[in-house]
Amino acid sequence: MPVTLTIQPAMPEVHEDPLDLMDEIERLKVEKDAVLLAHFYVDGEIQDIADFTGDSLKLARDAVTVTKSTIVFAGVHFMAESAKILNPTKTVLIPDLLAGCSLADSCPADKLAAYQKQLRAEGHDFQTVAYINTTAAVKSLCDWIVTSGNAREIIERVPADKEILFVPDQHLGRYLSEVTGRPMILWPGSCMVHEIFSIQDLLRAKKNNPGSIVLAHPECPKPILDLSDIIGGTERMRKYVASVEKPTTFLVATEANMIHPLAKLAPQHTYIPVPGIMASDGTTCACNRCPHMARNTLQKVRDCLKTGQPEIVWQPYFADARDVLTHSLL
Ligand code: CIZ
């Protein structure tokens, strides 16, 4: 299935002192009765002033505990959308409405609905399990939502007599199928950041760092996972590094901002981001940074608090997505 990804470059911002911006954000949070949630993949300076940081699972659970009237979600669109779905009466703001997700883009709701219809017509008796990196419209067509933090547990809840259609990440689906022993029909999507790690560079980094431990996200393709020691989502990575006392070198195959919370939690270690593939001029590209997550800046966090925009507005199909998100995550 052809996938078209268009990423508009973020507008350059006038430089403002980060410390002043942080002070202003703190003041506005109080003034606007707001709380800031930040994903581990956004810049460290935003994580540092957030009230809650985490992966999608933790942030979705944190979002329902919020007592303030406004949630600012520094992450990508599907995450802010999930926060709104779980908190219909709250105002949910996202610093940049264009912060999307290549995985969510790879699985449009109309194409999924057509494929489900085709599978049913072919006699398949299945349930659809969606990775949380999907739009609310897609979630409303699914039976279960998984995150990197709860995927195995949810797959075990799918009735054994049902086939599983897993969308949209083929690499995560293949990995889950392997660890749970459940055959899956896989949607051919993938994450632009995790797909691009360089096997050659990982092998070189391992050779240059004897005794290092490779942490890889299950969104990575199999050849990278086969070279890894610990496979898991960002919360699993955090738990693992915290459990190792001896100073160790970790080679990290996920979005490069993840090194910030790892180093904060377990500063005794050395963390090296696994680079993306080489560009044709021989330089390594910055592919291990998600361009969508990078749209979140301190200035945009400040601006959305100030103006109350952009806001995630409730849509009629959020109601179905709410049922599936609630029974899967909460
Ligand atoms: O679950 C999430 O938040 C994602 C997209 C990755 C991770 O492992 O945290």
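**Loops and backbone.** I began with P310, which is found in the loop between α14 (298-307) and α15 (318-329). Helices (H or I, at least four residues) and strands (E, at least two) are DSSP runs, numbered from the N terminus. A cis peptide bond joins Q309 to P310, with omega about -5 degrees. I found another cis bond between V167 and P168, where omega is about -15 degrees. P168 is in the loop between β7 (163-167) and α9. I also noted D33, a residue other than glycine with a positive phi near 55 degrees. D33 sits in the loop between α1 (18-31) and β1 (34-39).

**Ground rules.** The model is predicted, so I kept its limits in view: local features need pLDDT of at least 70, side-chain atom pairs count only at pLDDT 80 or more, and totals for chains, interfaces and linings use all residues. Residues are numbered from 1 along each chain as its sequence is written, and side-chain values use heavy atoms, with hydrogens and water left out.

**Ligand.** Which residues surround the ligand? I listed H39, Y41, D55, S56, Y131, N133, S148, H217, G233 and T234 (near means a heavy atom within 4 Å). Next I looked up polar contacts (pairs of N or O atoms within 3.5 Å; within protein, one must be able to donate a hydrogen and the other to accept it, and residues adjacent in sequence count only if both atoms are side-chain atoms). A polar side-chain atom of H39 lies 2.6 Å from a ligand oxygen atom. For S148, a polar side-chain atom is 2.6 Å from an oxygen atom of the ligand. T234 has a side-chain N or O atom 2.5 Å from a ligand oxygen. The protein covers 98% of the 270 Å² of accessible area that the ligand has on its own (Shrake-Rupley method, 1.4 Å probe; for residues, only the protein chains shown count as cover).

**Cavities.** I worked on a 1 Å grid over the protein atoms alone: a cavity is a set of points where a 1.4 Å probe fits but cannot get out, a pocket is an open set with protein on both sides within 12 Å along at least five of seven lines, and lining residues have an atom within 4 Å of a point. Grid points join across faces, edges and corners, and a volume is the space filled by probe spheres set on them. How many cavities of 30 Å³ or more does the structure hold? I counted 2.

The largest cavity has a volume of about 280 Å³. Its lining has 29 residues, and Y41, M79, N133, E219 and M293 lie nearest its centre. By class I get 14 nonpolar, 12 polar and 3 charged (Ala, Val, Leu, Ile, Met, Phe, Trp, Tyr, Cys and Pro are nonpolar; Asp, Glu, Lys and Arg are charged; the others, Gly among them, are polar).

The second largest cavity has about 50 Å³. Its largest lining share, 4 residues, comes from α3.

**Pockets.** The largest pocket holds about 300 Å³ of space. It is lined by 20 residues, with S148, G149, N150, G233 and R236 nearest its centre. I sorted the lining into 7 nonpolar, 6 polar and 7 charged.

The second largest pocket holds about 170 Å³. Why does it lie between domain 1 and domain 2? Domain 1 (18-100 + 293-307) and domain 2 (104-191 + 318-329) both give residues to its lining. The domain bounds come from an automatic or database assignment.
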